[in-house]
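User: I would like to learn how to read contacts, sheets and cores in a model. Can you take me through them?

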Amino acid sequence: MGGDGKVYTLADVSEHNSPQDCWLVIDGKVYDVTKFLEDHPGGDEVLLSATGKDATDDFEDVGHSTSARSMMDEYYVGDIDTSTVPTKNQYVPPKQPVYNQDKTSEFIIKLLQFLVPLLILGLAVGVRFYTKSA
């Protein structure tokens with residue numbers, strides 16, 4: 001490893017965000033990737049957009065090869081002070097509504113779903129019968 005074991009804050013690393021001086025945080029380690037910007041297969045914009053934050057998820061999402069991971073050793077400059085990195089919010093699904101477990105109300109609803117159309121039909125037959133006989 002090329003670093004001297006120095007610990008950097010996220011604010012320190014965030015200052016290195018230009019094509020002339022580009023540092024990234026990946027897996028709790030700080031890398032100076034300035035010399036690699038031109039050689040990066042995804043282009044320098046990808047690396048520059050990952051500065052100033054924990055780029056671990058961005059790095060892992062791409063699915064880098066083992067050779068790419070071993071190349072990182074030559075760019076290592078130190079570790080990140082994890083207390084300066086904001087915690088990631090975990091996705092919490094919204095609570096599902098609690099359905100009424102009362103069987104009586106379910107029975108009444110089903111009964112009404114059956115009886116209301118029957119009442120309408122009976123009313124229609126009654127009106128038809130009454131108007132036809134008059």
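Analyst: Start with contact: it means heavy atoms within 4.5 Å. This is a predicted model, where local features need pLDDT of at least 70, side-chain atom pairs count only at pLDDT 80 or more, and totals for chains, interfaces and linings use all residues. Residues are numbered from 1 along each chain as its sequence is written, and side-chain values use heavy atoms, without hydrogens and water.

User: Which residues does Thr56 touch, not counting residues up to four places away in sequence?

Analyst: Thr56 touches Val25, Ile26 and Asp27.

User: Is Thr56 buried or exposed?

Analyst: Buried means under 20% relative accessible area, exposed over 50%, partly exposed in between (1.4 Å probe, protein chains only). Thr56 has 10%, so it is buried. Thr56 belongs to helix H3, residues 56-62. Helices (H or I, at least four residues) and strands (E, at least two) are DSSP runs, numbered from the N terminus.

User: In what order do the five strands form the sheet?

Analyst: Strands of a sheet pair through backbone hydrogen bonds, either parallel or antiparallel. Two strands pair if DSSP finds at least two bridges between them. Here the order is E1-E5-E4-E3-E2, in an open sheet with mixed pairing. E1 (6-8) and E2 (17-18) are at the edges with a single partner strand each, so one side of each lacks a neighbour in the sheet. E3 (residues 21-26) and E4 (residues 29-32) run antiparallel, joined by four bridges. Leu24 sits opposite Tyr31 in E4.

User: How many residues has the largest nonpolar core?

Analyst: A nonpolar core is a set of buried Ala, Val, Leu, Ile, Met, Phe, Trp, Tyr and Cys residues joined through side-chain atoms within 4.5 Å. The largest one has 14 residues, and Leu24, Ile26, Tyr31, Val33 and Leu47 have the most contacts inside it. E3 contributes the most to this core, three residues.
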